[in-house]
Amino acid sequence: MAFNLFTLGYLIASICVVILLPLVITGLLYLLYIAYVRLKFAHMPGPKYSSFLFGNLAELKRGFADGKTFPTIVYEWSQKYGRVFTFAVLHETYVMISDVVAVKHLLVTVNCPKGARPYDTLGTIYGQRYLGHGLISERCHEKWAKRRSVINPAFHRRFLQLSMDQFNASVDLLIGKLKRKADGESTVSMLDEFYRLGLDILGKVAFGTDFNVIFEAKNHFMEANQLILSAFLRRMRSPLEDYNPWSRGHREEVRATVRFLRKTGRDVIEKRLAARLNGEEVKEDDVLGYILKASDYLKNPEYQMEDVVDDFVTFFLAGQETSANTAAFMLMELVRNPDILERLRMEIEEVLCGRMEVKFEDLSKFTYMSQVVKETLRMYPSGPAVPRFLEKEETVAGFRVPGNSNITIDLFTMARHEEYFKDANAFNPDRFNDADAITQNASIPFSMGPRNCIGQNFAQIEIKVIFAKLLPLFDFKWIPGQSYDIGETGTLKPKEGCQNYITMR
Ligand code: HEM
């Protein structure tokens, strides 16, 4: 009996050692690794860690609980710790950079590659191919450069000039819808309307297709983008989300939504190919036309159906969200600043003289509108940060940043530094009329360097056409009690949806 007890005890102890010892050793090694990483960045400024293990996780969580967004938390830190600082979460240290000279150096001269975690998550989310190897998520410079050169012509001035009819037609549809709602008492989320409009424009201009979203009661595409973006943010904040048993339902929903978007892309592509095969007249000079030509109509082994779908979903995401958010922020500031709104209306009247159609030649005459758009993008860059990877050690604004570091170019914070823009938190489009009042390259909402935004002209045309057509027709009244706060789901947007009462003028 005593022997049996002894054997049992021995067995249990052995099992404990076999199971626990590796765990203890792994834990110790992990702690050692954290200590090594903390030491590597110890010379750099940044918020104090409230926990050795978790780093600044608690401070971030507290900020989110107080209704702040990641960009606003980081902005507050930068006011204390400067234009280059670090913070840490577990073993990851993030180097935040908002120094104008350093940013140009890193994005243009060094041309740092994109960071693995964010862009690979966009490439494949919860095991499902999302943006795949599309323009945004492709990290290999050579592969990206090939693709970018193929798609570039679709964004040239000539092509956009030819697309003015479609820009106008989409906004006309929205005007028709808003007229029905312009009773001064219906609540209208202009963010939601701009999302629909953004999709309509993108469908028509980039893919020669009609998504029929402006009048639909339920907007599946918009919901799809929102769900995936919030999943992206959730996944970025918690890498363990892939394994969380309580998130199984969420992961499946996201995968199904990604499949839905990719199938939509495949259908559009197949329709275009079938029409071409049947000898019908098809567009060759829109985004889809250029992509299909580059793929030699899917005969190029390096550019197959799934690669073309990657580009479709990439533009679907990049081209719709960001412009719509910008339009909603701009409307928010116009409603908040009636003097600016009136000045803008006067300019529109002078340029269009009551005409409803906006022509390409009109765009360059909207000088004050350009300033308003620039100021909106300065204060509310829809993509607030660009994560990059620093391969070799660099001195960044006087600090030695070790090689193999995750760095973040903080566009939001850089454009709000008092050193770069006087009264940086005030909405003042006039600052862009005075070269001495701004610091060149301190507001770069479309990023800079080789991987800047390919759609920046597209977006600016879209926004100008929207406001040139809407402002002469409608008055917008901000629904009282609604905050002017910034919300975040991967991109920045007015937190409460830019809700307005609308009346005809
Ligand atoms: C106001 C609207 C927009 C803003 C603020 C914006 C901002 C940006 C930023 C900051 C980047 C760099 C992202 C990075 O480095 O990860 C980017 C890239 C990109 N944007 Fe935009 N964007 C806007 C509109 C558009 C539109 C309308 C399209 C297409 C129709 C578009 C397509 C893209 C693509 C494909 C890339 C990746 C470019 C590359 O790496 O070659 N964007 N955008």
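Which residues in α9 meet which residues in α14? In this predicted model, local features require a pLDDT of at least 70 and side-chain atom pairs count only at pLDDT 80 or more, whereas totals for chains, interfaces and linings use all residues. Residues are numbered from 1 along each chain as its sequence is written, and side-chain values use heavy atoms, with hydrogens and water left out.

M190, L191, F194 and Y195 in α9 meet E321, A324, N325, A327, A328 and L331 in α14, contact being defined as heavy atoms within 4.5 Å. By class, this contact of α9 with α14 has 8 nonpolar, 1 polar and 1 charged residues; Ala, Val, Leu, Ile, Met, Phe, Trp, Tyr, Cys and Pro count as nonpolar, Asp, Glu, Lys and Arg as charged, and the others, Gly among them, as polar. The axes of α9 and α14 are 8 Å apart and the packing angle is about 145 degrees. Axes are lines fitted to C-alpha atoms, for helices over the stretch in contact, and angles run from 0 to 180 degrees between N-to-C directions. Helices (H or I, at least four residues) and strands (E, at least two) are DSSP runs, numbered from the N terminus. The α9 and α14 crossing is right-handed, the near helix being turned clockwise from the far one by less than a right angle.

Helix α9 (residues 190–207) also packs with helix α8 (residues 164–181), their axes coming within 9 Å and crossing at roughly 150 degrees. The two helices are therefore roughly antiparallel, a term for angles over 145 degrees, while those under 35 count as roughly parallel, 65 to 115 as roughly perpendicular and the rest as oblique. This crossing of α8 and α9 is right-handed. Among the residues of α8 that meet α9 are F167, L174 and K181. The contact of α8 with α9 comprises 10 nonpolar, 2 polar and 6 charged residues.

A further crossing, between helix α11 (residues 248–277) and α13, brings the axes within 9 Å at roughly 115 degrees, so α11 is roughly perpendicular to α13. The crossing is right-handed. The residues in contact include R262, R266 and E270 in α11, and E306, D310 and F316 in α13. By class, they divide into 9 nonpolar, 2 polar and 5 charged.

The ligand is surrounded by 27 residues, of which Y119, W144, R148, R388 and C453 are the closest; a residue is counted when one of its heavy atoms lies within 4 Å. Two or more residues of the shell come from each of α6 (141–151), α13 (305–318), α14 (321–336), β6 (385–390) and α19 (456–470). Helix α14 gives the most, with 3 residues. The shell divides into 16 nonpolar, 7 polar and 4 charged residues.
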